Amino acid sequence: GSAPIENAVFVVEKDRFAQVGRAGDVQIPAGAARVDLAGKTVMPAIVDTHTHVPTTREALVELLQRKAYYGVAAVASFGQDTGDVAFQVREEVVPDGAMLRTAGRGITMPEPGRTEAPYWVTNEAEARKAVQKLAARKVDFVKIWVDDRDGKYKKLTPALYGAIIDEAHKHSLRVTAHIFTLEDAKGLLKAGLDAFAHSVRDRDIDEEGLSMFKQHANLVVAPNLPDRGVATDMSWLGESIPAGELTKLQAAATDRPEAQKAYGIQARNLAKIHAAGIKIVLGTD
C-alpha cells in the first residue's frame, strides 16, 4: 500500500525476500550475487484468475511461458479443460512458465451447438455427480455458468446451482460462477457462492444486492471489464505487438454507444463493490 521505493535494493535468500529498502539502508550479505535492475521496476507477480487455456500440451506450455514473460506467475483455467493435459502440466514446473491451476470441466445446463466442454446437468443428481467427478480429479475449484446467452438456452436453476455449491463444499472445493444478471448474483450469494467470474452486467447493483455482497466476507469478484467503446489511439502498443494486430485493434477502437453503455454499468458496479470492501481480483478471460 505504500508508494514505490525509488533507488531500491532487495535481498533474496533461498525463495524469500529477506530485506527490502532504499540503497544504503539495506545490509547486503557478504558474497551475495548482485543483479543490476537500474532503470527497471520490480512489482509483485500478477495472478490471472480467469483464463481459458489450450488443450494441447505444446500450445499450453507456450501460453504459460508467454504469460510469465509479461509478469504473470499463476493462471487459473476456468472450466474448459476436457482432457488430461491441464492436469498433467499443473503438476510440472514449466521452464520460465507461469503456474497453472484448473477447474477441469465446468458445469452448465445443456448448450447444444455452443460448447460440449462443460458437464451438462438437468437435475440435482446429475449436478452432484458432476461435482463428485471433479473432486475425484482433484480440481482446484468448480466453475459454473449461470447464463441463458441472450435467451438461447435454459440456465442453471437455484435448485441446481444450490446442489452444486453444497456438494462442492462437502468436498472442500470453492465454486466460481459466470453470471450476467443481478437476480442470479443474489440467488448465488444466498446459496453460498465463493467467487464471481464476472460481475453484474445487466443493471446497476441495488442496495439489497450490495448488502448481500457485503455479508460474504471471503467473496471474490473478477470484474473482467469489457471494451470501453470509445475511439482510442492504440499506437502506444506499437513496440509490443505485430503490426497486423495493431492495425486490427486500431480499426476496432471506435465510438460505439452500446458498448459504452455496457461498460458504464460494469464500471459503476465495480466502483460500488470495491468501495464496499469486496475483494477484487484480475482476470483476463
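This is a predicted model: local features need pLDDT of at least 70, side-chain atom pairs count only at pLDDT 80 or more; totals for chains, interfaces and linings use all residues.

Colleague: Why does alanine 76 count as buried?

Modeller: Its relative accessibility is 9%. Buried means under 20%, so alanine 76 counts as buried at that value.

Colleague: And what is alanine 76 in contact with, leaving aside its neighbours within four places in sequence?

Modeller: Asp48, Thr49, His50, Thr51, Arg101 and Phe141. Contact here takes heavy atoms within 4.5 Å.

Colleague: How covered is β4 as a whole?

Modeller: Mostly covered: 5 of its 6 residues are buried.

Colleague: What makes β3 and β4 a pair?

Modeller: Two strands pair if there are at least two bridges between them. Strand β3, residues 46-51, is joined to β4 by 4 bridges, so by that cut-off they pair. The two run parallel. For a spot to look at, find aspartate 48, which stands opposite valine 75 in β4.

Colleague: How does the chain get from β3 to β4?

Modeller: Through helix α1, residues 57-69, and this β-α-β crossover is right-handed.

Colleague: Which strand is joined to β4 by another 4 bridges?

Modeller: That's β5, residues 99-102, and it runs parallel with β4. Alanine 74 has methionine 99 in β5 as its bridge partner. Here the chain crosses from β4 through helix α2, residues 85-90, to β5, again as a right-handed β-α-β crossover.

**Spaces in the model**

Colleague: What makes one space a cavity and another a pocket?

Modeller: In a cavity a 1.4 Å probe fits but cannot get out, while a pocket is open. The search finds 1 cavity of 30 Å³ or more. The largest cavity has a volume of about 40 Å³, and Asp81 and Asp84 are among the residues that line it.

Colleague: How big is the largest pocket?

Modeller: Its volume is about 1000 Å³. The lining has 29 residues, with Ala8, Val9, Phe10, Leu37 and Val42 nearest the centre. β1 gives the largest share, 6 residues.

Colleague: And how does that lining divide by class?

Modeller: Into 20 nonpolar, 4 polar and 5 charged residues.

Terms used
Residues are numbered from 1 along each chain as its sequence is written. Side-chain values use heavy atoms; hydrogens and water are left out. On a 1 Å grid over the protein atoms alone, a cavity is a set of points where a 1.4 Å probe fits but cannot get out, and a pocket is an open set with protein on both sides within 12 Å along at least five of seven lines; lining residues have an atom within 4 Å of a point. Grid points are joined across faces, edges and corners, and a volume is the space filled by probe spheres set on the points. Ala, Val, Leu, Ile, Met, Phe, Trp, Tyr, Cys and Pro count as nonpolar, Asp, Glu, Lys and Arg as charged, and the others, Gly among them, as polar. Buried means under 20% relative accessible area, exposed over 50%, partly exposed in between (1.4 Å probe, protein chains only). A crossover is right-handed if, with the strands pointing away from the viewer, the path from the first strand over the helix to the second runs clockwise.
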